[in-house]
Amino acid sequence: MRKPVIAGNWKLYKTAPEALELVSGLMPLISGRSNVEVVVAPVFTVIDRVRAAIAGSGIFLAAQDCFWEEEGAFTGEVSPKMLADVGCSHVIVGHSERRQFFAESDAAVNKKIRAAVGAGLTVIFCIGETLEERESGNTFNVLSGQVSGGLEGMVPADMEKVIVAYEPVWAIGTGRTASETQAQEAHAFIRSQVSKLFNAEVAQSVRILYGGSVKPENIGGLIAQPDIDGALVGGASLKPDSFAALVNAA
Ligand code: PEP
């Protein structure tokens, strides 16, 4: 019922030639996989080149962030409308690296999500607790605050354009993955929060991805969990073979 999503977050990697090499290696390895929503999120500077390279492949194009205003005197920002204009269908919002290194608050994340949905983009909305928060028993409080803060003011119809990504901060880029049980427990909790905020139907249809050191070796057990609908992938999305293996496992 919920179509799996495998999304590659390229972070601050890949010049144009490198990005084109990656997608040209990837496309033949995943062709015909129409039962998985495959998304790649390059840096802003190569989005247009990647768009041209993946045209007709069925791969969706995402940006890694956006601003909430449509246009104006906001030096250095990129608006959802501009992302849509350049061919993006998706945008990642609230990644933990943005929260951690650029002080993005739940309120800022909320403004970005609303603007992006308003521009017709599908948002990959990232949430997740730090190691300290997990070890102090605050995981569910943190997730609940991030879900309600990030989705404030939204209505059920908006949620058709939202994919949630649960990414425990301690598992991102560390090689340390949440266990299948830890991940499933968090996903089920997030789904219950979505149900409380909206309704059971929205909760049943929203896709919730796991992110945090997902690799070909661990995706099988994660994706087999009832509330895990795919993965947001950093490191393993940077090589055609490993990313294709994730798509083909989904
Ligand atoms: C990410 O960037 O969202 C991520 C999950 O990274 P990694 O797969 O490298 O842990």
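This is a predicted model: local features need pLDDT of at least 70, side-chain atom pairs count only at pLDDT 80 or more; totals for chains, interfaces and linings use all residues.

Q: Okay, which residue stands opposite Ile6 in β2?
A: Val38 in β2 stands opposite Ile6. β1 and β2 run parallel, and five bridges join them.

Q: How do strands of a sheet pair, in general?
A: They pair through backbone hydrogen bonds, either parallel or antiparallel.

Q: What do the strands here build, running from β1 to β8?
A: A closed barrel of eight strands. The order is β1-β2-β3-β4-β5-β6-β7-β8, and the pairing is parallel. From one strand to the next, the twist averages 25°.

Q: How many bridges join β3 to β4?
A: Two, and these strands run parallel. Ala62 stands opposite His90 in β4.

Q: What about β6 and β7?
A: Strand β6 (residues 162-166) and strand β7 (residues 208-211) pair in the parallel sense over three bridges. Ala165 stands opposite Leu209 in β7.

Q: Switching to helices. At what angle do α5 and α7 pack?
A: About 40°, with their axes 8 Å apart. That makes α5 oblique to α7. The crossing of α5 past α7 is right-handed.

Q: Which residues meet there, between α5 and α7?
A: From α5, Asp106, Asn110 and Ile113. From α7, Gly145, Gln146, Gly149 and Gly150. By class, the contact has one nonpolar, five polar and one charged residues.

Q: New topic: α11. Which of its residues are buried?
A: Ser242, Phe243, Ala244, Leu246 and Val247 are the buried residues of helix α11, which spans residues 240-249.

Q: What do those buried residues of α11 pack against?
A: They pack against strands β1, β2 and β8, plus helices α1 and α10.

Q: Why does Ser242 count as buried?
A: Because its relative accessibility is 18%, and buried means under 20%.

Q: What is Ser242 in contact with?
A: Pro216 and Ala236, leaving aside neighbours within four places in sequence.

Q: And Asn248, where does that lie?
A: Asn248 lies in helix α11 too. At 39% relative accessibility, Asn248 counts as partly exposed.

Q: Which residues does Asn248 touch?
A: Leu29, Ile30 and Arg33, not counting residues up to four places away in sequence.

Q: How far apart are Asn248 and Ala183?
A: They are 65 residues apart in sequence. In space, Asn248 and Ala183 are 21 Å apart, C-alpha to C-alpha.

Key: Residues are numbered from 1 along each chain as its sequence is written. Side-chain values use heavy atoms; hydrogens and water are left out. Axes are lines fitted to C-alpha atoms, for helices over the stretch in contact, and angles run from 0 to 180 degrees between N-to-C directions. Helices (H or I, at least four residues) and strands (E, at least two) are DSSP runs, numbered from the N terminus. Angles under 35 degrees count as roughly parallel, over 145 as roughly antiparallel, 65 to 115 as roughly perpendicular and the rest as oblique. A crossing is left-handed if the near helix is turned anticlockwise from the far one by less than a right angle, and right-handed if clockwise. Contact means heavy atoms within 4.5 Å. Ala, Val, Leu, Ile, Met, Phe, Trp, Tyr, Cys and Pro count as nonpolar, Asp, Glu, Lys and Arg as charged, and the others, Gly among them, as polar. Buried means under 20% relative accessible area, exposed over 50%, partly exposed in between (1.4 Å probe, protein chains only). Two strands pair if DSSP finds at least two bridges between them.
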